Amino acid sequence: MTLPAHTVEALPASPGSTARAHLLNGDSVARYRAALADGVDRVARRVAGAERPFTGITPDALAPQIAGIDLDRPLGDAGAALDELDDVYLRDAVWFHHPRYLAHLNCPVVIPALLGEAVLTAVNSSLDTWDQSAGATLIERRLIDWTATRIGFGPAADGIFTSGGSQSNLQALLLAREEACRSASTWDARRELLPRLRVITSAAGHFSVQKSAKLLGLAPDAVITVETDPQRRMVPAAVQREIARCRRDGLVVMAVVATAGTTDFGSIDPLAEIAAICATAGAWLHVDAAYGCGLLVSPTRRHLLDGIERADSVTIDYHKSFFQPVSSSAVLVRDGAVLRHATYHADYLNPARMVEQRIPNQVDKSLQTTRRFDALKLWLTLRVMGPDALGALFDEVVDRAAGAWELVSEDPRFEVVTRSSLSTVVFRYLPTGPGRELADAANLYAREALAASGAALVAGTTVDGRHFLKFTLLNPETTLDDVGHVLELIAEHASRYVRERTTAADLTCQVG
Ligand SMILES: *Cc1c(COP(=O)(O)O)cnc(C)c1O
């Protein structure tokens with residue numbers, strides 16, 4: 001609806017005029033400063049006061065509170081909204097900075113990155129085109145080049161920041177698919193080739209590989225998962241075997257996905273051996289280093305990634321082992337020219353003449369259009385702390401995980417899976433005597449009981465069909481005392497579960 005100018009002036013108290021005070025501009029910086037300072041202060045108090053990583057709140061307890069908030073009736077004031085938010089979110093949030101948060105690949109975050117987050121979201125650059133991001137584009141490019149150099153790629157390398165490892169893997173596999181389809185110049189040829197494309201990964205690889213294959217229109221059985229060795233690393237001979245089998249069956253290996261840091265086991269596939277196999281077979285090698293990428297800055301363990309420089313594409317999750325807040329990830333390619341498979345020109349945004357005018361333009365390389373300046377977080381982190389300091393933090397958690405593994409392996413109450421190259425420990429409580437068959441249920445129970453108490457959070461997974469528990473250590477503040485304490489709690493919960501079940505069974509037997 002358009003109103004004549006005099007009508008607008010006659011309505012000074014319209015919702016629009018008060019709304020305008022909430023827009024960030026030169027007139028509202030005082031409000032901006034106050035609101036953010038208040039928000040930061042509330043978070044700081046919760047961070048400082050978190051005695052446990054979690055309160056144990058259940059969805060059933062929290063859902064009615066959130067459902068009860070009338071989104072059509074604003075509180076009008078940031079302070080009031082923060083009070084409410086404290087009730088429905090901050091008080092019961094899961095705190096990754098707590099030393100007994102040991103569950104998933106969530107890191108405590110470094111303050112320079114939080115500063116970056118505050119800056120990038122206020123400036124709100126969008127990294128699609130230069131005219132929406134100016135210097136930000138160049139900063140992102142410097143960080144891509146820096147990461148590529150750390151990987152050991154040559155000057156032709158390129159890449160792009162993404163929302164996370166899943167998106168990085170998807171984009172890498174999109175590029176691999178397009179490279180595999182280069183010979184199929186007609187739609188008929190492509191339609192004939194697509195169902196024959198295969199991706200080889202290991203049984204310990206990430207599920208986003210399967211998801212990507214589905215999104216890319218590959219056959220339902222396109223992902224071949226080969227076996228791992230006892231250290232849960234991909235077996236190179238198995239890769240070779242599957243490549244040969246595909247050839248025999250008229251199938252085309254579009255990509256081999258090696259994992260540098262499997263999510264569960266922290267194992268690193270033998271990258272150099274797999275790279276050699278891929279080179280011989282002419283197969284695209286993607287290295288999923290979403291977890292292991294922290295080794296790129298490790299002062300002592302960079303060699304664990306040897307061979308990564310022979311990949312065609314690499315996934316990096318700065319938000320896992322570079323202590324960055326979500327989201328911060330990148331996909332890197334050895335030959336930047338392949339990024340053209342993600343390029344489309346829109347007249348309104350990135351007409352081809354921009355390329356001729358040499359105006360840098362990130363949307364040509366990305367699956368996203370409007371895109372956050374996540375790179376700024378890493379930039380400020382490197383400018384304040386530097387790479388060695390980040391790598392030292394990651395080294396510390398890897399050392400701690402080795403200590404934790406020893407602790408668990410020396411404890412007769414637990415069974416532990418192979419030692420991780422990174423920072424996970426996969427283990428389970430083993431009941432002895434009667435109740436042995438309750439091991440799966442007891443471990444499931446212990447994990448849930450621990451979470452409900454909020455005293456610690458651990459993850460769960462299955463190994464060869466059995467329920468196991470998992471520590472993921474990403475917090476240098478976690479001590480071996482913390483680990484020992486959590487093990488005691490797990491043993492208490494699990495043994496109580498077994499005791500109650502076996503006593504009940506005894507009683508039933510006696511009564512029967
Ligand atoms: C976490 C992870 C991913 C997915 O990354 P997101 O950032 O969660 O999307 C992919 N691969 C591996 C090995 C991971 O550990």
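At roughly what angle do the axes of helix 6 and helix 15 cross? The structure on display is a predicted model.

**First stop: two helices**

Select residues 111-123, which form helix 6, and residues 375-384, which form helix 15. Their axes come within 7 Å and cross at roughly 140°. An angle over 145 degrees would count as roughly antiparallel, and 65 to 115 as roughly perpendicular. Helix 6 and helix 15 are therefore described as oblique to each other.

**Second stop: the ligand and its contacts**

Next, select the ligand and display the 14 residues around it; G165, S166, D288, D317 and K320 come nearest.

- Select G165: one of its backbone N or O atoms lies 2.8 Å from an oxygen atom of the ligand.
- Select D317: a polar atom of its side chain is 2.7 Å from an oxygen atom of the ligand.
- Select K320: an N or O atom in its side chain lies 3.1 Å from an oxygen atom of the ligand.

On its own, the ligand has 380 Å² of accessible area, and the protein covers 85% of this.

Now colour helix 8 (165-180) and helix 13 (318-321), the elements that give two or more residues to the shell around the ligand. Helix 8 gives the most, with three residues.

Methods:
Residues numbered from 1 in each chain as written. Predicted model: local features only at pLDDT ≥ 70, side-chain atom pairs only at ≥ 80, totals over all residues. Heavy atoms only, no water. Near = heavy atom within 4 Å. Polar contact = N/O pair within 3.5 Å; in protein donor to acceptor, adjacent residues only side chain to side chain. Areas by Shrake-Rupley, 256 points an atom, 1.4 Å probe, with all protein chains shown as cover. Helix = DSSP H or I, 4+ residues; strand = E, 2+ residues; numbered from the N terminus. Axes fitted to C-alpha atoms, helices over the stretch in contact; angles between N-to-C directions. Parallel < 35°, antiparallel > 145°, perpendicular 65-115°, else oblique.
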